[in-house]
Amino acid sequence: MLSSRVHLLPTTVQLVHSLISTSSRSFMDLKALLSSLNDFASLSFAESWDNVGLLVEPSPPHTVNTLFLTNDLTEEVMEEALQKKADLILSYHPPVFRPMKRITWKTWKERLVIKALENRVGIYSPHTAYDAAPQGVNSWLAKGLGACTSRPIHPSKAASCLTEGTHRVEFSVSHTQDLGKVISAVKGIAGVSVTSFSVRTEDEDQTRISLNCTQQALMEVVAFLSQNTQLYQKTEIVSLEKPLLLHTGMGRLCTLEESVSLATMVERIKRHLKLSHVRLALGVGRTLESQVKVVALCAGSGSRVLQGAEADLYLTGEMSHHDILDAASQGINVILCEHSNTERGFLSDLRDMLGAHLEKKINIILSETDRDPLHVV
């Protein structure tokens with residue numbers, strides 16, 4: 001009897017340790033996690049046509065212990081996520097993109113939504129927000145080129161202007177006009193902020209009025225000024241531009257510290273993406289020994305982003321046949337790696353970055369079944 005007790009002791013200790021480990025796990029409320037994810041890379045970086053953010057939400061409250069990362073959420077990947085007890089799936093590509101008119105068992109994307117809701121699993125997609133982010137997919141792709149400096153091909157703009165309003169209206173009021181009446185009138189228009197300062201023009205002291213206006217207020221301001229020909233003739237209207245965001249935007253234009261042959265660049269890219277083959281279109285007059293100094297890249301589908309970029313090489317997942325011909329005719333080499341092969345490797349870096357950003361409050365795991373659907377045979 002004594003030996004039996006001694007034999008059971010390790011099992012008992014192991015069970016107690018398991019219970020302690022389980023109880024000490026950290027959780028995050030879904031809304032708090034979404035806020036942290038947006039702090040990591042703002043959804044405002046995403047393209048206007050994209051469908052990003054929380055796509056499927058279980059009924060609240062919903063807590064997250066395990067965040068599951070995948071490039072594409074297929075039915076096979078969903079089964080893996082459920083087996084691994086995921087509470088939130090971060091799918092780089094949005095599995096719900098076009099509007100759904102019904103949720104039935106008929107199509108695979110509808111089945112994804114059903115399974116997620118039945119198992120209380122949320123689905124979140126960052127897509128082009130992560131493409132544009134300074135620490136995002138395109139910056140990761142550029143790491144495979146070698147030492148280089150890079151900048152976005154299409155820089156992102158801030159969500160709003162540095163100052164209030166969308167337009168600035170400026171006009172001068174001479175000393176012969178009723179300054180108080182003019183200022184009082186424009187201040188009475190909703191959506192207008194007013195500043196004034198003294199100027200001297202043509203040997204005459206004047207007061208310069210500067211108005212920041214919303215789009216709607218602009219029409220009322222113009223209507224008011226048009227009633228006074230003297231004011232209206234001296235009016236300047238400027239559209240306020242949203243400032244560009246540093247290191248943020250679509251694609252990357254990368255300048256290598258030292259030129260390398262195209263053959264060397266091909267091997268670097270294959271090594272970085274862990275691929276045995278890539279597709280290569282030589283630019284007119286180029287060979288594998290031609291030097292590469294500037295690379296324009298775009299993870300995924302690069303036709304639109306890369307169009308017009310001046311570079312020795314275009315690197316992307318896929319491009320249309322005719323866009324490849326256009327690039328080659330200009331002497332630009334093109335390397336295609338298949339769409340998701342230029343994105344998926346980023347998830348390993350993302351796991352580490354999110355782990356640090358979220359202070360290891362939750363478990364973050366990578367899909368093992370997610371893969372590009374195309375294979376070289």
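Predicted model: local features only at pLDDT ≥ 70, side-chain atom pairs only at ≥ 80, totals over all residues.
**Entry 1: Ile123**

Ile123 sits in strand 6. Its relative accessibility is 1%, under the 20% limit, so I noted Ile123 as buried. I also checked Asp87: 36 residues separate it from Ile123 in sequence, and the C-alpha atoms are 8.9 Å apart.

For strand 5 (residues 88-91) and strand 6 (residues 122-125) I read a parallel pairing over three bridges. Opposite Leu88 I found Gly122 of strand 6.

**Entry 2: the annotated binding site**

Which residues does the UniProt annotation "binding site" cover? The unreviewed entry lists His93, Asp131, His339 and Glu343. They span 251 residues in sequence, but no two of their C-alpha atoms are more than 13.3 Å apart, so I recorded them as gathered at one spot.

His93 is in the loop between strand 5 and helix 4 (108-118). Its relative accessibility of 13% makes His93 buried. Beyond its neighbours within four places in sequence, His93 is in contact with Asn71, Asp72, Ser125, His127, His339 and Glu343. Two of these contacts, His339 and Glu343, are also in the annotation.

Asp131 belongs to helix 5 (residues 128-132). At 5% relative accessibility Asp131 is buried.

**Entry 3: Thr316**

I found Thr316 in strand 17 (residues 313-318). Is Thr316 buried or exposed? Its relative accessible area is 0%, so it is buried. A polar atom of the Thr316 side chain lies 3.1 Å from the backbone oxygen of Gly300. For the backbone nitrogen of Gly302, the distance to a polar atom of that side chain is 3.0 Å. Not counting residues up to four places away in sequence, the residues touching Thr316 include Cys298, Leu306, Ile335 and Thr342.

**Entry 4: salt bridges**

I counted 16 salt bridges. Arg371 and Glu76 form one, at 3.5 Å from N to O. This pair links distant parts of the chain, with Arg371 in the segment after strand 19 and Glu76 in helix 3, 295 residues apart. Arg371 is partly exposed at 43% relative accessible area, and Glu76 is partly exposed at 44%.

Glu80 and Lys84 meet at 2.7 Å, N to O. Here Glu80 is buried at 6%, whereas Lys84 is partly exposed at 30%.

The side chains of Glu236 and Arg208 pair at 3.7 Å, N to O. I placed Glu236 in strand 12 (residues 236-239) and Arg208 in strand 11 (residues 204-213), 28 residues apart. Glu236 is partly exposed at 48%, and Arg208 is buried at 12%.

Definitions and conventions:
Residues numbered from 1 in each chain as written. Heavy atoms only, no water. Pairing = 2+ DSSP bridges. Helix = DSSP H or I, 4+ residues; strand = E, 2+ residues; numbered from the N terminus. UniProt positions renumbered as here; feature names shortened; annotations may be inferred. Buried < 20%, exposed > 50% of the residue type's maximum accessible area, 1.4 Å probe, protein only. Contact = heavy atoms within 4.5 Å. Polar contact = N/O pair within 3.5 Å; in protein donor to acceptor, adjacent residues only side chain to side chain. Salt bridge = Lys/Arg side-chain N within 4 Å of Asp/Glu carboxyl O.
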